[in-house]
Amino acid sequence: MNYRKKFVVDAGEKVQLSKIDPSYTGKHESHEKAMPKIQEHIACMDKLQYLLYADGNQSLLIVLQALDAAGKDGVVRHLFSGMNPQGTSVFGFKQPSKDEAAHDFLWRAHLRAPGKGEVVIFNRSHYEDVLVVRVHKLAEKPVWSKRYDLINDFEKMLSNNGTRILKFFLHISPEEQLERFKQRLDDPSRHWKISDADYTERELWPKYIEAYEEALEKTSTKYAPWHIIPANHKWFRNLAISEIIAGTMKEMGLKLPPTHVDLEEIRKKYHIAEQEQVKQGSKGSGA
Ligand code: ATP
Ligand code: MG
C-alpha cells in the first residue's frame, strides 16, 4: 500500500481531522498479519541508516507530534530501536528551559537538527510553539501566527542543506486516549507516566484540534511533508509510519562511499605478508 500518498497532506490542502477515521486499518485485519510487513520495513530502515551514516552526506529528521498518549514514545521504541545508536538520536521537547526560553523559538530545534549522516527524531518539536503556546495563550496571536512562515523557511534551509524531513501527526480519538489513560492507571509500572495535566489538557481537545489543523495546513510542504496517521491501532500506526520512512529512505540514493585506500596493497602488506611471517615463524620454532 502506498501510505505515503494516502496520508500525506498536500501543500495548501485543507485539513479536517474529524473527516479522518483514527481507527482506519485499510485491508489489514490484525497485528499478526501486519507484523511481517512491519519487520520488513524496520529491517530496511536499519540497513539504510547504516548507509546514511557511512555515506555522511545527507541526514533524516523525523518529527512526531500528537496529543497525549497517542503513541509517540511507542513509535520511537518500536521503529527505531534497531538503528545504530551511533548516528541516531531522539530529542524530547519539554517546556523550554530558562536558557531555551531566552532564545528564539527555533534555536533549540536548530541545535538538535541532524548533522550529516545522522537520523534525529523529534518527540514533540518546534511545532509546540504554534500548538500548546497558542492553546494556552503563552504568546499573543501576532507572535505565534507569524511562526508558520518562519518554520517553513527553517525547514527549507535544513532541506537545502541535505536533510530529508518527514513529519507525522498521530491521530487518535478522545475515547481511545481515555482508554489508554485508564490502562496506565491499571498498570503500576506506568503510574509514573500519569499527570493531572493529561486530564486537564483533554478538556482543551477542540482547541488543540483547531491548532493542529492550521499547523498541518500551513506547514506541509514538498520538502517537509506532514502525514496524518490513524493511530487508534498501535500496530497500524507502526505499519504506516515504517512504510513511509523506509520508502523515503529508499529514494535518498544512499550507498556505501568508495574506499580511499588501496585494498590490495593493504591486503598484501599487512595480511598476506604477515601471515607468511607467522607461518615461517611457527615452522622455525618447531624445528
Ligand atoms: P508523554 O506522552 O509520555 O506524556 P510528553 O511528550 O507529553 O510525553 P511530557 O513531559 O508529559 O512529555 O510533556 C512535555 C510538555 O512540554 C508537553 O505538555 C508540551 O506541550 C510541553 N512543551 C513542549 N514545548 C513547549 C513549548 N515550546 N512551550 C510550552 N510548553 C511546551
Ligand atoms: Mg505528557
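1. In this predicted model, ligand 1 is surrounded by 15 residues, where a residue is near a molecule if one of its heavy atoms lies within 4 Å of it. The closest are Asp68, Lys94, Arg108, Arg124 and Glu128. By class, the shell comprises five nonpolar, one polar and nine charged residues; Asp, Glu, Lys and Arg count as charged, Ala, Val, Leu, Ile, Met, Phe, Trp, Tyr, Cys and Pro as nonpolar, and the others, Gly among them, as polar.

2. Oxygen atoms of ligand 1 lie 2.6 Å from a side-chain N or O atom of arginine 124, 2.8 Å from one of glutamate 128 and 3.5 Å from one of aspartate 73. Of the 630 Å² of accessible area that ligand 1 has on its own, the protein covers 78% (Shrake-Rupley method, 1.4 Å probe). Helix H3 (72-80) and helix H6 (132-135) are the elements giving two or more residues to the shell; helices are DSSP runs of H or I with at least four residues, strands runs of E with at least two, numbered from the N terminus.

3. Arginine 124 belongs to the loop between strand E3 (119-123) and H6. Although not a glycine, arginine 124 has a positive phi of about 65°. Most residues other than glycine have a negative phi. Arginine 124 counts as buried because its relative accessibility is 19% (buried: under 20% relative accessible area; exposed: over 50%; partly exposed: in between; 1.4 Å probe, protein chains only).

4. Lysine 137, in the loop between H6 and helix H7 (141-144), also is not a glycine and has a positive phi, of about 50°. Its relative accessibility is 64%, so lysine 137 counts as exposed.

5. Residues are numbered from 1 along each chain as its sequence is written, with chains lettered from A and ligands numbered from 1 in the order in which they are written. Local features need pLDDT of at least 70 and side-chain atom pairs count only at pLDDT 80 or more, whereas totals for chains, interfaces and linings use all residues; side-chain values use heavy atoms, leaving out hydrogens and water.

How values were computed:
A polar contact is a pair of N or O atoms within 3.5 Å; within protein, one must be able to donate a hydrogen and the other to accept it, and residues adjacent in sequence count only if both atoms are side-chain atoms.
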